[in-house]
Amino acid sequence: MMEKRIGIIGIFIRERKNAAPEVNALLSEYAELIAGRIGLPFREKGIHVIGLIVEATTDEMGALTGKLGMVEGVRVKSFVA
């Protein structure tokens, strides 16, 4: 069994009206991995940012970030400690 690690996932959304429902559905699907979440709208720049603190295996993080990255208008970056 793989070790769970603490990580940070940054999600940048440009197409909020189209992407938000799919992003939220994925975050709900992986809710057991998410320890904390913060969201900030930068309306003047047309970007919405979501920051997640997660506790997951690298495979679980990869699955979540991979699915998020496939959503049109979404960019994802992650960091594992």
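**Strands, helix and surface**

Modeller: Strand 1 (residues 5-13) and strand 3 (residues 47-56) are antiparallel partners, joined by nine bridges. This is a predicted model, in which local features need pLDDT of at least 70 and side-chain atom pairs count only at pLDDT 80 or more, while totals for chains, interfaces and linings use all residues. Residues are numbered from 1 along each chain as its sequence is written, and side-chain values use heavy atoms, without hydrogens and water.

Biologist: Why are strand 1 and strand 3 said to pair?

Modeller: Two strands pair if DSSP finds at least two bridges between them, strands being DSSP runs of E with at least two residues, and helices runs of H or I with at least four, numbered from the N terminus. Strand 1 and strand 3 have nine bridges, so they pair; Phe12, for example, stands opposite Val49 in strand 3.

Biologist: What makes strand 2 (residues 34-42) a partner of strand 3?

Modeller: Eight bridges join strand 2 to strand 3 in the antiparallel sense, and Gly36 has Ile53 as its bridge partner in strand 3.

Biologist: Why is Phe79 called exposed?

Modeller: Phe79, which lies in strand 4 (residues 74-80), has 54% relative accessibility and therefore counts as exposed, given that exposed means over 50% relative accessible area, buried under 20%, and partly exposed in between (1.4 Å probe, protein chains only).

Biologist: Which residues of helix 2 are buried, and how do you know that they share a side?

Modeller: The buried residues of helix 2 are Met61, Leu64, Thr65 and Leu68. They cover an arc of only 90° around the axis (taken from the directions from the helix axis to the C-beta atoms), which puts them on the same side of helix 2.
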